[in-house]
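Dear colleague,

Please find the structure below, handed over for your records. My notes on it follow directly after.

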Amino acid sequence: MMLNIDSQITAFMPEANISYDIISFSVYVILFGAIAFFIYKKNISKIFQIAGGAAIAFLAAQITKIIVSRERPNGFDVRSFPSQHTAFAFFLASVLPVTKKEERIALYGWAILVGLSRMVLLEHWFTDVLVGAVIGLGAGYLVNLNLIKEKANLANHFAHRRFAK
């Protein structure tokens, strides 16, 4: 089920090169790098938030892929909709702890580049990327709710009590 806007936008994409692959792969480098950093810092609540939010984004994207079964622009398979890379990128852009407005803008700029790279590589249509961004922002919203933060802080409290003994 390709929408007309998808084919029109895909027609304007530049030719793919290795830099688009690197941008796409950077999602997993940053995701696992953030988890490793918070493991090193022993910040259990941040580990819980990032891993939990990534799991929410992963499950939402995978369940949608199974239900929709949309063919990729390159014809490789029918797991195009939505873009999981984009979902992870927008999730990370919305939850990584930064202190300056410019840093947050840079993170969202990076997330947009991830979505663009997925289209240039002919892995996703525009609407796949758009819905992936919404899933990622939704996962970020859930992580930023007090409910998940409270559970993460509770996990952090018990972990510190255990390590203090």
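A11 is exposed, with 63% relative accessible area; here buried means under 20% relative accessible area, exposed over 50% and partly exposed in between, computed with a 1.4 Å probe on protein chains only. The residue belongs to helix 1 (residues 4-11), where helices are DSSP runs of H or I with at least four residues, strands are runs of E with at least two, and both are numbered from the N terminus. Between the C-alpha atoms of A11 and V120, which stand 109 residues apart along the chain, the separation is 9.8 Å.

Some conventions apply throughout. The model is predicted, so local features need pLDDT of at least 70 and side-chain atom pairs count only at pLDDT 80 or more, while totals for chains, interfaces and linings use all residues. Residues are numbered from 1 along each chain as its sequence is written, and side-chain values use heavy atoms, with hydrogens and water left out.

Helix packing

Two packed helices are described by the angle between their axes and the distance between the axes. For helix 4 (residues 84-95) and helix 5 (residues 101-120), the axes come within 9 Å and cross at roughly 180 degrees. Axes are lines fitted to C-alpha atoms, for helices over the stretch in contact, with angles from 0 to 180 degrees between N-to-C directions. Helix 4 is therefore roughly antiparallel to helix 5 (angles under 35 degrees count as roughly parallel, over 145 as roughly antiparallel, 65 to 115 as roughly perpendicular and the rest as oblique). The residues of helix 4 that meet helix 5 include F90, L92 and V95, and those on the helix 5 side include L107, W110 and I112; contact means heavy atoms within 4.5 Å.

Aromatic pairs

Rings of Phe, Tyr and Trp (its six-membered ring) pair if their centres lie within 6.5 Å, with planes under 30 degrees apart counted as stacked, over 60 as edge-to-face and the rest as tilted. The count by this rule is three aromatic pairs. One of them is edge-to-face because the rings of Y28 and F88 have centres 5.8 Å apart and planes at 85 degrees. This pair links distant parts of the chain, with Y28 in helix 2 (residues 18-40) and F88 in helix 4, 60 residues apart. Y28 is partly exposed at 22% relative accessibility, whereas F88 is buried at 5%. F37 and F38 also form an edge-to-face pair, since their ring centres are 5.1 Å apart and their planes lie at 75 degrees. Of these two residues, F37 is partly exposed at 40% and F38 is buried at 7%.

Loops and backbone

R72, in the loop between helix 3 (44-68) and helix 4, is buried at 11% relative accessibility. Its side chain reaches the backbone oxygen of R79 at 3.2 Å. Leaving aside neighbours within four places in sequence, the contacts of R72 include K65, D77, L122 and W125.

Most residues other than glycine have a negative phi, and most peptide bonds are trans. F81 and P82 are joined by a cis peptide bond, with omega about -5 degrees, and P82 is in the loop between helix 3 and helix 4. K42 has a positive phi, near 60 degrees; this residue is in the loop between helix 2 and helix 3 and is exposed at 55%. L122 likewise has a positive phi near 60 degrees. L122 lies in the loop between helix 5 and helix 6 (126-144) and is partly exposed at 35%.

Yours sincerely

Terms used. A polar contact is a pair of N or O atoms within 3.5 Å; within protein, one must be able to donate a hydrogen and the other to accept it, and residues adjacent in sequence count only if both atoms are side-chain atoms.
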